[in-house]
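Reader: Could you take me through one part of this model up close? I'd like the local picture, and then how it sits in the rest of the chain.

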Amino acid sequence: MSRSLSCDSQSKGSVSTPRGSVVDAIPNPSKEQLVDVVQRHFMSQQIDELQVIVGFVQAAKRMKTLCK
């Protein structure tokens with residue numbers, strides 16, 4: 001997964017799942033419902049932590065050179 005970033009980018013929008021957004025699944029979700037859905041989503045993800053850290057460091061170095 002790759003993401004395009006800019007020096008002044010900000011993230012906005014609803015939380016998405018493979019089947020759609022949380023807003024689609026629950027019409028007017030409470031804070032507790034959102035926390036539960038997001039927590040279950042992230043707990044279900046299978047990741048290689050070392051690969052994530054290496055990718056983060058590489059992206060940070062690219063951003064540092066782009067934003068100078």
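Author: Let's start with isoleucine 53, which lies in helix α3, residues 49–66. Helices here are DSSP runs of H or I with at least four residues, strands are runs of E with at least two, and both are numbered from the N terminus. Isoleucine 53 is exposed, at 52% relative accessible area; exposed means over 50%, buried under 20%, and partly exposed in between, with a 1.4 Å probe and protein chains only. Together with Phe56 and Val57, Ile53 makes a nonpolar surface patch of about 310 Å² accessible area.

A word on the ground rules. This is a predicted model, where local features need pLDDT of at least 70 and side-chain atom pairs count only at pLDDT 80 or more, while totals for chains, interfaces and linings use all residues. Residues are numbered from 1 along each chain as its sequence is written, and side-chain values use heavy atoms, leaving out hydrogens and water.

Zooming out, the chain runs β-β-α-α-α along the sequence, and 6% of its 68 residues count as buried.

How values were computed:
Patches are made of residues with over 30% relative accessible area and no salt bridge: like charges are joined within 9 Å, nonpolar side chains (Val, Leu, Ile, Met, Phe, Trp, Tyr) within 5 Å. Accessible areas come from the Shrake-Rupley method with a 1.4 Å probe; for residues, only the protein chains shown count as cover. A salt bridge is a side-chain nitrogen of Lys or Arg within 4 Å of a carboxyl oxygen of Asp or Glu.
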